[in-house]
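My entries follow in the order in which I looked things up.

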Amino acid sequence: MPASEAMIELWKRLFIFIMFIVVIVAFLSSIWLYMGYSKKALELRNARISIQEALAAWSDNGNVSGIINLQKINSSDLSPCTNVSIFYTNGTLAKKVSSSCP
C-alpha cells in the first residue's frame, strides 16, 4: 500500500471518529436541553395548579368560574413567594395579596 493511500485511510478513520464524537455530543446536549425544558414545564404546570386551587378557594361556589368573593381572599391559599393583584373589570385595583417567602 503506497504512503498516499495510507494517509487517506488515516484521514478517513479520523474523520469517522470525529463525526462519531460530534453525534454523541449532539445527542447528549439534546437530552440536556430536553430535561431543562421538562423542568420548566413542570414548574409552570405546578404554578397553574396552585392558581386554580386559589381561585377555587376564593370563589363563592368552589369552582374556577372567574367570579371572586373579595372577603374569601387569603394569602394562606397561595404558594410561597407569590404575589396576586386582583382588578375590577374597569381596571381599578380591587385587592393585592402576597404570601411570605420561607
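I began with the surface: the protein exposes about 8,500 Å², and carbon and sulfur atoms supply 66% of that area. I note that the model is a predicted one.

I then looked up burial. Of the 102 residues in the protein, 11% are buried.

For the overall form, I compared the radius of gyration with that of a compact globule. The protein has 28 Å, whereas a compact globule of 102 residues would have a value near 13 Å. I also took the extent of the C-alpha trace along its principal axes, which is about 90 × 30 × 25 Å.

Turning to secondary structure, I found one helix and two strands. Along the sequence they follow the pattern α-β-β. Helix H1 covers residues 3-58.

For contacts, I considered those with a separation of 6 or more; residues 24 or more positions apart account for 12% of them.

I next examined charge. The protein has 9 positive and 6 negative charges, and their mean positions lie 6 Å apart.

How many salt bridges does the count come to? I recorded one salt bridge. Glu9 forms it with Arg13, and the closest N and O atoms are 3.7 Å apart, which is within the 4 Å cut-off. Both residues belong to helix H1. Because Glu9 and Arg13 are four residues apart in that helix, about one helical turn separates them.

Finally, I checked the accessibility of the two partners. Glu9 counts as partly exposed because its relative accessibility is 33%, while Arg13, at 58%, counts as exposed.

Technical notes: Residues numbered from 1 in each chain as written. Predicted model: local features only at pLDDT ≥ 70, side-chain atom pairs only at ≥ 80, totals over all residues. Heavy atoms only, no water. Salt bridge = Lys/Arg side-chain N within 4 Å of Asp/Glu carboxyl O. Buried < 20%, exposed > 50% of the residue type's maximum accessible area, 1.4 Å probe, protein only. Rg over C-alpha atoms; globule rule 2.2 N^0.38 Å. Contact = heavy atoms within 4.5 Å. Areas by Shrake-Rupley, 256 points an atom, 1.4 Å probe, with all protein chains shown as cover. Lys, Arg positive; Asp, Glu negative; His and termini not counted. Charge placed at Lys NZ, Arg CZ, Asp CG, Glu CD.
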